[in-house]
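Have a look at the structure, then try each task before you read its solution.

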Amino acid sequence: MVHVFLIHTLRTTKAEEGLCRVLYSCFFGTENSPNDPQPHGAERDRLLRKEQILAVARQVESMCQLQQQACGRPAVDLQSQSSDDPVHLHESPCGAFRLTAGDPFQEPRTVVWLGVLSLGFALVLNAHENLLLAESTLRLLARLLLEHPRLLVPTANLLLRADCIEGILARFLPHGQLLFLNDQFVQGLEKEFSAAWPR
């Protein structure tokens, strides 16, 4: 099961101004701690979630930078492409890493990530989830999100497109469940989504 889906910014280098910013996140389910005697208030839960996704976003950003350096690609490649050019997701840096219990989630988790130009996409999963299925789902989500809400358009305001992102997640990642999808089924879901959310 997927616990968190998030979209965040990717800086090309550590020296670049600004911080990694989480642009969108969606939690599926809650994380309960049997050892915590205090009931969690809504504000405390919100702050805890915010800290958790920011920690994941920073680690994804670091992993993306390390992979770019290890491949010998200049970090500028992440942002050198124009938003009008087609994005080739199979060439985008991607990977997975494990989070131990307590850092930042209470249970061990696995993170599958994808870096596309200046955006990072990540799924936080159960530790023993099917990673190939998670990666293909993440690539599908990234492709749809880049096509439909046009996230790479410089004037794009992600906050105004949250309902469109939620529509995509509801169809292709319902309640955080990874789906085995064949091409015909994906095309049917895409047509259904396009009819509900014209570009």
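**Exercise 1.** Find the strands that helix 2 lies across.

*Solution.* Start with helix 2 (residues 131-147): it lies across strand 1 (2-9), strand 3, strand 4 and strand 5. Next, take its direction, which is at about 145° to strand 5. Then turn to helix 3, which packs on the sheet, touches strand 1 and strand 2, and makes about 40° with the direction of strand 2. Helices (H or I, at least four residues) and strands (E, at least two) are DSSP runs, numbered from the N terminus. Angles run from 0 to 180 degrees between N-to-C directions, with axes fitted to C-alpha atoms, for helices over the stretch in contact.

A word on the model: it is predicted, so local features need pLDDT of at least 70 and side-chain atom pairs pLDDT 80 or more, while totals for chains, interfaces and linings use all residues. Residues are numbered from 1 along each chain as its sequence is written, and side-chain values use heavy atoms, without hydrogens or water.

**Exercise 2.** Work out the strand order of the sheet and its edges.

*Solution.* The order is 2-1-5-4-3, an open sheet of five strands with antiparallel pairing (two strands pair if DSSP finds at least two bridges between them). Strand 2 (22-27) and strand 3 (94-99) each have a single partner strand, so one side of each has no neighbour in the sheet. From one strand to the next, the twist averages 15°.

**Exercise 3.** Which residue of strand 5 is the bridge partner of Leu-114?

*Solution.* Strand 4 (residues 109-116) and strand 5 (residues 119-126) pair over eight bridges. The partner of Leu-114 is Phe-121.

Definitions and conventions:
Contact = heavy atoms within 4.5 Å.
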